[in-house]
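Please examine the structure shown below. The report that follows describes selected features of its architecture.

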Amino acid sequence: MPELPEVEVIRRGLEPLVVNRTIQTVLSDGKKLRTPVPLKEMEAVLPGRRITAVNRRAKYLLIELDDNSLLVIHLGMTGRLGLFLSSSEPQQHDHVRWRFDNDRELRFNDVRRFGSIHILAAAAVSRLEKDVIKNTGPEPFDQRFTGSYLQQKAQGRSRPVKSFIMDNCIVAGIGNIYANESLFAAALNPIRPVNTIGRQRWERLATEIRRVLAWAVECGGSTISDFLNAGGSPGYFQMHFKVYGRTGLACPVCSGMIRTIKIGGRSSFYCDRCQK
DNA sequence: ATGGCCTCCTGTATGC
DNA sequence: TGCATACAGGAGGCCA
């Protein structure tokens, strides 16, 4: 589900709800996520700890505690986080709950269980980028993310530009929706081999990626079937999709027909008149 | 080393 | 109606 904009929207919503709350207990339904839930480790680290900040790196949420330990949450395809009264009935697929000192609890709900949860004790936080978020490229809003950076990373490679920008080693946080929308905005055909793209085009792509992502955050993310922010509200960026999911419909620029192909097993939508 | 394919899991839509 | 198949926001592992 969530790509960078959705994770950022959740981060912003969660922050005022959980900062300065103290975690009392951790509960799990015992189901494993993408990786086993580190319940024992969380029980050793979290009780009595106060949350000091909620940050984001790539599509990971970083919940920081007052002893510098770190709770890391990835939402996979269908993960959701929300704050509920502790006395309310957990819902189906509520896999992990963190109970706070104010009769509320944060719940991680994930139908497909492609999400993951990691805990780093204070002494192990330096291992975040090594053990949890491995090989991850710059954030799209980082100064290092430029056209010349992309061009340099593309040197000697022939893969399609769409799989290139969805590769988190190259740039963090871009998934299938925003890859499609950014490539449309930059007028680049998703199958175009990266070694055929010139400097100007890379600059334009970097600019459009930032513009599309920032706009999506402003819209509260994209809700296709089940994305909700931390307060339970949907996003509205899907109203602004120009190509994603619009197979057979008219291109909003030239009125040509939007086509679909599979690239790396993922549906890819584009206008072959506008995108070269 | 690079890039493509498969897999994890559940739910929903579509077609016969 | 029932059943089979395809597909869905991610990403790591495996193979050629």
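Isoleucine 63 stands opposite leucine 71 in β4. This is a predicted model, in which local features need pLDDT of at least 70 and side-chain atom pairs count only at pLDDT 80 or more, while totals for chains, interfaces and linings use all residues. Residues are numbered from 1 along each chain as its sequence is written, and chains are lettered from A and ligands numbered from 1 in the order in which they are written.

Strand β3 (residues 60-65) and strand β4 (residues 70-74) run antiparallel and are joined by five bridges. Strands (E, at least two residues) and helices (H or I, at least four residues) are DSSP runs, numbered from the N terminus; two strands pair if DSSP finds at least two bridges between them. Strands of a sheet pair through backbone hydrogen bonds, either parallel or antiparallel.

An open sheet of four strands has the order β2-β3-β4-β8, with antiparallel pairing. At its edges, β2 (51-57) and β8 (116-120) each pair on one side only. Helix α1 (residues 4-18) packs on this sheet and touches β2 and β3, its direction making about 175° with that of β2. Such angles run from 0 to 180 degrees between N-to-C directions, and axes are lines fitted to C-alpha atoms, for helices over the stretch in contact.

Seven bridges pair β5 with strand β7 (residues 104-110) in the antiparallel sense, and leucine 83 has leucine 106 in β7 as its bridge partner.

| Strand pair | Bridges | Sense |
|---|---|---|
| β3 (residues 60-65) and β4 (residues 70-74) | five bridges | antiparallel |
| β5 and β7 (residues 104-110) | seven bridges | antiparallel |

Helix α4 (residues 147-154) packs against helix α7 (residues 199-218) at an angle of about 120°, with their axes 7 Å apart. That angle makes α4 oblique to α7, since angles under 35 degrees count as roughly parallel, over 145 as roughly antiparallel, 65 to 115 as roughly perpendicular and the rest as oblique.

The residues around DNA strand B include Arg112, Arg113, Phe114 and Gly264; a residue is near a strand if its C-beta atom, placed from the backbone, lies within 6 Å of it.

Technical notes: Contact = placed C-beta atoms within 7 Å.
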